[in-house]
Amino acid sequence: MAEPSLLPSRGRVGRRALLGANTARSLNWAGALLIVVVTLVALLAPVLAPHNPLQPMGIPFRQPGSNGYLLGSDTIGRDVLSRVLYGVRASWFAALAVVLIGLLFGGVIGLISGAAGGWVDNLLMRITDGFLSLPAPVLAIAVVAALGPGFVHTLIAVSIVWWPFYARIVRGEVRMLAARPHVEAAKLAGVGRFRLALRHLLPGALPAAVVTASLDIGNLILTLAGLSFLGLGQSAPAPELGADSARNLTYLLQYWWVPVMPGLAVMVLALIGNVAGDSVRNLIDGRQGAR
Amino acid sequence: MIALIGKRTAAMVVILIALAAVIFYLQKISPLDPVHAQLGGQASAGAVADRRHQLGLDKPVTAQFWQYLTNLVHGDLGTSFRTRRPVMTDLRAFLPATLELALSGLVMALVLALILAFGTTLKWRGSGIFRGVLLVGASTPTFLLGIAGILIFYQKLGWLPANGRSGISDAPAGPTGLLTVDGLFQGRLDVTVDAIKHLILPSLAIALGPAVSIGRVLRSSLVADRHSDYARTARSKGLGEFRLLRQHVLRNAVGAALSMTGLQVGLMFAGVLVVEQVFGWPGIGQYVAQSIPVADFPAIAGVTLMLGVAYIVINTAVDVLQAAADPRIKT
């Protein structure tokens with residue numbers, strides 16, 4: 001819209017202009033670094049956890065902050081903080097795993113579909129659309145129920161319903177790139193199909209896929225926590241955020257911290273996922289704009 | 001328009017069959033044997049063979065699938081391992097509570113999305129804070145929203161109930177099973193008011209996430225259309241910004257938001273299942289939660305099928321609605 005608009009200009013200066021491009025860039029880097037930080041925390045959970053998450057260490061239902069129990073203790077005197085840290089570890093790696101599997105599997109399907117075109121494209125995209133037109137979280141519940149509850153099964157189930165998004169995005173990017181001059185040039189130069197897909201199409205489709213993936217981490221953490229809350233995760237003594245909250249719901253009105261703390265951890269993880277995802281998007285989009 | 005409806009319905013039927021095929025396949029790969037689940041591990045080989053024959057499990061897979069489809073069309077979802085009743089009977093008992101919660105959650109999500117989109121587009125006072133609250137809410141797991149609601153509005157303030165659908169013991173049963181509606185039908189306003197009070201917290205917990213997604217899409221279409229030629233014409237004729245948005249821009253901008261709403265319904269179903277646990281809501285979520293630990297696959301498959309069908313039908317309806325709102329959509 002280059003035309004002058006009659007909109008009242010109660011102008012709001014963009015964040016970028018206000019802060020200066022460099023500051024915005026550093027903020028984005030800081031946001032993206034959060035992914036590394038949380039991964040480190042998840043990796044180091046056994047070192048950071050003050051107590052054994054599975055063993056009762058003292059009196060049950062200690063208030064948060066009471067000596068040595070930063071987040072209190074639970075129904076049988078286990079340290080809530082330790083359980084939350086181990087739960088964070090499970091949640092975070094689960095979300096990353098599903099994103100990676102989705103990216104890999106959906107990416108391959110999307111790449112084949114976009115690069116091959118014709119009936120292959122048609123067939124693969126019909127299958128993808130079929131998956132997309134089913135309600136993913138509900139379908140995941142059925143898959144876990146069929147395989148039997150368990151952490152790995154939940155991961156498989158969510159991955160099965162998650163890849164189609166990536167297939168769609170990668171395929172769209174690849175189709176768009178296929179019309180670009182550099183691809184035509186490569187074709188004319190006699191580059192084989194396989195090489196064309198890997199060297200000339202895939203690199204161009206990656207940024208969009210990575211952006212989608214990073215924006216997805218928060219969603220996945222919430223979805224996985226919801227499934228775990230319904231009992232579709234690891235079985236009883238294993239620390240898991242959703243399940244820990246669900247199992248202790250009965251104590252909510254007397255000992256609120258036992259069910260609330262794991263939920264808060266999910267929230268913090270999801271917020272970090274969303275902030276980091278936004279930052280990654282800004283960084284990648286910014287770089288693409290400059291090109 | 002009729003051609004479009006026909007096309008969409010045909011596509012819908014294909015997807016419904018695909019859904020049935022997926023569930024059928026899951027049932028096949030499930031390590032649980034329905035015959036043993038029904039007869040117990042001690043059953044004699046003869047009894048097992050008899051039951052296999054009776055259930056048609058000795059036929060070829062294609063014939064079994066056809067049988068399965070026929071049963072589905074007749075409303076036969078199989079028998080629950082746990083309750084030993086037909087899954088359809090069980091679902092019918094739990095459905096009204098869930099339906100009422102899901103509908104009220106959807107309405108709440110739409111209202112919040114509208115406020116969010118209009119507020120941030122027109123830069124209403126306080127819309128920034130409202131947006132911030134919703135954004136944080138959207139990053140919060142549904143169960144924590146429910147828990148927080150209980151702690152604040154039930155325990156601290158005592159404004160709203162935190163458990164079940166109704167606090168009235170002689171609540172009328174029927175005709176719809178939705179307490180808010182039944183209360184009105186039977187002239188029992190107290191029942192309706194009480195049911196609404198029970199609905200507020202769980203609906204809010206379900207609604208926040210979808211509200212942000214829908215509101216964002218609506219807002220970006222509103223902002224884009226606000227700069228269009230027809231909006232400028234209307235503005236130059238002296239129309240106020242709010243009326244311009246509500247009367248002219250909204251109809252043009254609503255398409256994308258509608259399809260987002262259709263997609264969000266899938267997430268809302270998952271939210272409903274979770275929230276029912278938190279609030280002891282006597283709906284399908286309870287049924288699922290009781291079925292998961294005992295691996296009652298027919299029950300869970302039944303719920304998946306029902307929610308899947310609802311999702312597919314809603315999204316088809318959204319497609320048609322979109323075409324009705326915007327006649328330019330032809331395919």
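Predicted model: local features only at pLDDT ≥ 70, side-chain atom pairs only at ≥ 80, totals over all residues.
Trainee: Got it. What box do the C-alpha atoms of chain A fill?

Mentor: Along the principal axes, that box is roughly 75 × 55 × 40 Å. Chain A has 291 residues, and 47% of them count as buried. Buried means 20 or more other C-beta atoms within 10 Å of the residue's own, exposed means 12 or fewer, and partly exposed is in between, with C-beta atoms placed from the backbone.

Trainee: Can we look at one residue? Where does Ser82(A) lie?

Mentor: Ser82(A) sits in helix α4 of chain A, which covers residues 80-116.

Trainee: Is Ser82(A) buried or exposed?

Mentor: Ser82(A) counts as buried because it has 25 C-beta neighbours inside 10 Å.

Trainee: And which residues is Ser82(A) in contact with, leaving aside its neighbours within four places in sequence?

Mentor: Those partners are Ala49(A), Pro50(A), His51(A), Asn52(A) and Pro53(A). In contact means that the two C-beta atoms, placed from the backbone, lie within 7 Å. Take His51(A): this residue is 31 residues from Ser82(A) along the chain, yet their C-alpha atoms are separated by 5.9 Å. For chain A, among contacts between residues at least 6 apart in sequence, 68% join residues at least 24 apart.

Trainee: New topic, helix packing! At what angle do α5 and α7 of chain A pack?

Mentor: Helix α5 (residues 118-132) and helix α7 (residues 151-178) of chain A pack at about 135°, and their axes are 9 Å apart. Axes are lines fitted to C-alpha atoms, for helices over the stretch in contact, and angles run from 0 to 180 degrees between N-to-C directions.

Trainee: What do we call α5(A) and α7(A) then?

Mentor: They are oblique to each other. Under 35 degrees counts as roughly parallel, over 145 as roughly antiparallel, 65 to 115 as roughly perpendicular, and the rest as oblique. The crossing of α5(A) and α7(A) is left-handed, a term for the near helix being turned anticlockwise from the far one by less than a right angle, with clockwise giving right-handed.

Trainee: Which residues make that contact?

Mentor: On the α5(A) side they are Met125(A), Thr128(A), Phe131(A) and Leu132(A). From α7(A) come Val161(A), Pro164(A), Ala167(A), Arg168(A) and Arg171(A). They divide into 6 nonpolar, 1 polar and 2 charged. Here Ala, Val, Leu, Ile, Met, Phe, Trp, Tyr, Cys and Pro are nonpolar, Asp, Glu, Lys and Arg are charged, and the others, Gly among them, are polar.

Trainee: Let's move to chain B. What is its secondary structure?

Mentor: Chain B comes to 13 helices and 0 strands. Its C-alpha atoms fill a box of roughly 85 × 55 × 40 Å, taken along the principal axes. Of its 331 residues, 39% are buried.

Trainee: How are α9(B) and α11(B) arranged?

Mentor: Helix α9 (residues 189-226) of chain B packs with α11(B) at about 160°, their axes 7 Å apart, so these two are roughly antiparallel. Their crossing is right-handed. The contact residues divide into 20 nonpolar, 7 polar and 2 charged.

Trainee: What about Tyr230(B), buried or exposed?

Mentor: Tyr230(B), found in helix α10 of chain B, counts as exposed because it has 12 C-beta neighbours inside 10 Å. From Tyr230(B) to Val249(B) is 19 residues in sequence and 8.9 Å in space, C-alpha to C-alpha.

Trainee: Last one: how many residues does the contact take from chain B and from chain A?

Mentor: Chain B gives 47 residues and chain A gives 43 residues. On the chain B side, the elements giving two or more residues include α1 (2-29) and α7 (142-156). The most comes from α13(B), with 9 residues. That side of chain B divides into 30 nonpolar, 13 polar and 4 charged residues.

Notes. Residues numbered from 1 in each chain as written. Chains lettered and ligands numbered in written order. Helix = DSSP H or I, 4+ residues; strand = E, 2+ residues; numbered from the N terminus.
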